[in-house]
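The sequence and the structure come before the details.

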Amino acid sequence: MRFVNLADASVPAIGQGTWYMGEDPRHKAAEVAALQQGIELGLTLIDTAEMYAEGGAEQVVGQAIAGRREQVFLVSKVYPHNASRRGIPAACERSLTRMGTDCIDLYLLHWRGQYPLEETVEAFERLREQGKIRRWGVSNFDLEDLLELDNPDCATNQVLYNPAQRGIEFDLLPWSQTHRLPTMAYCPLAQAGRLLQHPVLAEIAERHGATPAQVSLAWVTRNEGVIAIPKAVEPLHVRLNAAAGELSLTDEDLQAIDKAFPAPTRKQHLAMV
């Protein structure tokens, strides 16, 4: 497994996402077990958000990390409508309670909203001084947003990135790499849709004795400073995600992916889901 320096810690380049977890009580036991299995396999970064199932995903995470909090690098995100001086402390307390912890390793603004960035950062910094969070960052910020933020204490930017969504490669990703700002890639498997049925990914996967999903994860994390956070509940998928950390794509593989999914040649609007 490759590792990335994120928020003063060394974390695996492949972590675990939790979007859509916590929505159905019937699936909770399987979701908890999947996260615990991932931790045991080295997928110790867990990403969640108060938005996911309106706190339900954080409750799943809390149950999964009970008794093993020190093994986990915990990321959560605050709603933009809660990103005020008064809103952020209250939202953070709710998240801490749901996850059964006294500190979030990395707390992100989920996307930009009505409150000035200065106000949000001020609230983040107060939480850090209080020991409620260790570091803070942002999500769904394009390059102009980061330039407006202009704060070296921002620890990451979490954005949509996979072979079919490469818009960040034109300017956002190069800028982030130059400034050593780690990028967290959400939906690195494009929500397991048509991307994983593409014949080029299937052909590359066959050559490596892997799956198209593993090829996509290896591609997303091929560059230094990029972390992928796929979500998985099935035990097999968790194992495959963990094993993808050992897959190295060849120049031939990368050229084939470039041909099938061309890199951007101009500025694109930041894609979000």
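## The annotated histidine

In an unreviewed UniProt entry, the annotation "binding site" covers His 110; UniProt positions follow the numbering used here, feature names are shortened, and annotations may be inferred rather than shown by experiment. The model is predicted, so local features need pLDDT of at least 70 and side-chain atom pairs count only at pLDDT 80 or more, whereas totals for chains, interfaces and linings use all residues. Residues are numbered from 1 along each chain as its sequence is written, and side-chain values use heavy atoms, with hydrogens and water left out.

His 110 sits in the loop between strand 6 (104-109) and helix 4 (117-130), where helices (H or I, at least four residues) and strands (E, at least two) are DSSP runs numbered from the N terminus. Its relative accessibility is 6%, so His 110 counts as buried (under 20% relative accessible area, with a 1.4 Å probe and protein chains only). Apart from neighbours within four places in sequence, His 110 is in contact (heavy atoms within 4.5 Å) with Ala 49, Met 51, Tyr 52, Lys 77, Val 78, Pro 80, Ser 139 and Asn 140.

## The annotated tyrosine

The feature "active site" is placed by UniProt, again in an unreviewed entry, at Tyr 52, a residue of the loop between strand 4 (45-47) and helix 2. Tyr 52 counts as buried because its relative accessibility is 7%. Neighbours within four places in sequence aside, the contacts of Tyr 52 are Thr 18, Trp 19, Asp 47, Ala 57, Lys 77 and His 110.

## Helix 1 against helix 2

The axes of helix 1 (residues 28-40) and helix 2 (residues 56-65) come within 9 Å and cross at roughly 55 degrees; these axes are lines fitted to C-alpha atoms over the stretch in contact, with angles running from 0 to 180 degrees between N-to-C directions. Helix 1 is therefore oblique to helix 2 (angles under 35 degrees count as roughly parallel, over 145 as roughly antiparallel, 65 to 115 as roughly perpendicular and the rest as oblique).

On the side of helix 1, the contact is made by Lys 28, Glu 31, Val 32, Leu 35, Gln 36 and Ile 39, and on that of helix 2 by Val 60, Val 61, Gln 63, Ala 64 and Ile 65.

## The enclosed helix 8

Eight of the nine residues of helix 8 (residues 212-220) are buried, so this helix is largely enclosed by the rest of the structure. The cover over its buried residues includes strand 9 (183-186), helix 7 (199-208), strand 10 (226-228), helix 9 (235-243) and helix 10 (251-260).

How values were computed
Buried means under 20% relative accessible area, exposed over 50%, partly exposed in between (1.4 Å probe, protein chains only).
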